[in-house]
There are 2 protein chains.
Amino acid sequence: MRKQRPLILVSNDDGIFSNGIRALAEVASTFGDVMIVAPDRQQSAVGHAITVSTPLRAQKTMVAGIFTGHAVNGTPADCIKLAHNQLMDRKPDLVVSGINHGSNAGINILYSGTVSAATEGTILGYPSLAVSCTDFSEDADLSGCREAAHKVIDYILKNGVDRGVTFNLNAPAGPLKGVRWARQGESRYVEEFEGRVDPYNRDYYWMTGKFEMLEQDGGSDIDMIEQGFASLTPIQYDLTSHKLLEKLSETVL
Amino acid sequence: MRKQRPLILVSNDDGIFSNGIRALAEVASTFGDVMIVAPDRQQSAVGHAITVSTPLRAQKTMVAGIFTGHAVNGTPADCIKLAHNQLMDRKPDLVVSGINHGSNAGINILYSGTVSAATEGTILGYPSLAVSCTDFSEDADLSGCREAAHKVIDYILKNGVDRGVTFNLNAPAGPLKGVRWARQGESRYVEEFEGRVDPYNRDYYWMTGKFEMLEQDGGSDIDMIEQGFASLTPIQYDLTSHKLLEKLSETVL
């Protein structure tokens, strides 16, 4: 009996009609069958939000004329949950999310809908990968991201991923210089808001924000990207600080 | 010169007019001055979402007739960012979020707006605490949560919290049996959607979901709560799986 081709579930947070998701679906399709379940519109910076107070709908659609897809009126995490529970006839061998238009390195991991889709895949027990291009532009050169994603998908399908761990890949625009393992860099945003006054003399605020590195010792995702490499970070959804927990465990409150 | 009273920033995800935030503000006010900056409506399950595509507004208001507050048309993380950047004259000594109506133990931590407000406080460099009552009911007996929150705030103001770490406190409704250190439990949701058909014959899905423990060895937050204790978990926003990163660091991709 012929072995079934791997089934790869593809999602993102930029919406089902972005360039990035088409690029990632194309890469995935060289390894197996592709199913796309993604938000019907831009869902950037939604983090790990899920939709509990309104019902979800999934509209069947074609992406780039060749991939079967469902456009969902929800968040990236919703898409993976709904695909897993309702939309897929067989379970995926891999969940990939992206290619995001914009970096998901450093503190951005926390706010990222792209990463949360992959994390949701991990929670549900599937090997999962998030892919981002550090260039925000919708028409950025994704050739290096595609090549990096190809390498990592190949690695995952051959070796698997430890339970509870998600792979987070970031690559600069343009040709690939190489993929480097890295930890999540310590970084933050500063001057995050621009205050304005509306025609009725009421204040309002636009979130803007300047990204700031808090450390630079060569080992972080942001360092790798600055050196022109793609960064690959294993991340986990067990947020426990086991080090501090051990230290405090004898403290009585 | 008299030492200034601590300033405590209070937020939540159930909205500025919930019972829980009033209870937490009352506890906080026994330690210092209180400022409330919270969503103007229910924002449950928004995770670490931030608002980038619409402007934010902050409406000055009184909570329970005694606390100065700002109601913000955004997420819990937005509230903390906006308070830090625009609304506060001096920086807070502590950020507290809650009391949430519903558990934020186990996998719920990932989806929680309450926890993300506290995490945002940590990212900005403030000692931060999330407080949740495991009973969903709006009129649950919060006496044990109040007492647990009082103990932990007292501990934090005296001892501080390590950089990068947030305290996540969950307590059952009713009197306090005690506070126990715990790690985030491995858990997940199953049967997450209820599919329906609308009057126009189109499918739609309500997220429902049954909480399921994946392990039970006595040391997790969920275990502690089941034994009637309040659980206190130090969590971190560095999501790197350092263990796996070390193991894989020699693997060439």
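Analyst: Start with the sheet of chain A. It is an open sheet of nine strands, in the order 3-4-2-1-5-6-7-13-8, and the pairing is mixed. Strands here are DSSP runs of E with at least two residues, helices are runs of H or I with at least four, and both are numbered from the N terminus. Two strands pair if DSSP finds at least two bridges between them.

User: Which strands of chain A are the edge strands?

Analyst: Strand 3 (58-63) and strand 8 (179-181) of chain A, each of which pairs on one side only. From one strand to the next, the twist averages 25°. Axes are lines fitted to C-alpha atoms, for helices over the stretch in contact, and angles run from 0 to 180 degrees between N-to-C directions.

User: What kind of model is this, and how are its parts numbered?

Analyst: It is a predicted model: local features need pLDDT of at least 70, side-chain atom pairs count only at pLDDT 80 or more, and totals for chains, interfaces and linings use all residues. Residues are numbered from 1 along each chain as its sequence is written, while chains are lettered from A and ligands numbered from 1 in the order in which they are written.

User: What is the mean pLDDT of chain A?

Analyst: pLDDT is the predictor's confidence in each residue, from 0 to 100. Chain A has a mean of 93, with 98% of its residues at 70 or more. For the complex, the predictor gives an ipTM of 0.92 and a pTM of 0.94.

User: How do I read the pairing of two strands?

Analyst: Look at direction and bridges. Strand 2 (residues 33-39) and strand 4 (residues 67-72) of chain A pair in the parallel sense over four bridges. There, A:V37 stands opposite A:H70 of strand 4. Now take an antiparallel case: strand 10 (residues 193-197) and strand 11 (residues 203-207) of chain A are joined by five bridges. A:G195 faces A:Y205 across that pair, standing opposite it.

User: What lies between strand 10 and strand 11 of chain A?

Analyst: The hairpin has five residues between the strands. One of them to find is A:N201, in the loop between strand 10 and strand 11 of chain A. A:N201 has a positive phi of about 65°, although it is not a glycine.

User: Is A:N201 buried or exposed?

Analyst: Count C-beta atoms, placed from the backbone: a residue is buried if 20 or more others lie within 10 Å of its own, exposed if 12 or fewer, and partly exposed in between. A:N201 has 6 other C-beta atoms within 10 Å, so it is exposed. Compare B:A64, in the loop between strand 3 and strand 4 of chain B.

User: Which peptide bond in chain A is cis?

Analyst: Read omega. The bond from A:G98 to A:I99 is cis, with omega near -15°. A:I99 lies in strand 5 of chain A. In chain B, the bond from B:G98 to B:I99 is cis too, with omega near -15°.

User: How do helices sit on the sheet?

Analyst: Two residues are in contact if their C-beta atoms, placed from the backbone, lie within 7 Å. Helix 5 (residues 143-159) of chain A lies across strand 5, strand 6, strand 7 (165-171), strand 8 and strand 13 (230-236) of chain A. Helix 5 runs at about 160° to strand 7 of chain A.

User: How many residues of helix 2 of chain B are buried?

Analyst: Nine of its twelve, so helix 2 of chain B is mostly covered. Among them are B:C79, B:I80 and B:L82.

User: What is the nonpolar core?

Analyst: In soluble globular proteins, nonpolar side chains tend to be buried together. A nonpolar core is a set of buried Ala, Val, Leu, Ile, Met, Phe, Trp, Tyr and Cys residues joined through C-beta atoms within 7 Å. Here the largest has 148 residues, and those with the most contacts inside it include A:L24, A:I36 and A:L169. Not counting residues up to four places away in sequence, A:L169 touches residues including A:L129, A:V131 and A:L232.

User: How are the two chains related?

Analyst: Two copies of a chain are related by a rotation about an axis and a shift along it. Here a rotation of 180° with 0.0 Å of shift along its axis superposes chain A on chain B (RMSD 0.0 Å). Therefore the two copies are related as by a two-fold rotation axis.

Methods: Least-squares fit on C-alpha atoms with pLDDT ≥ 70 in both.
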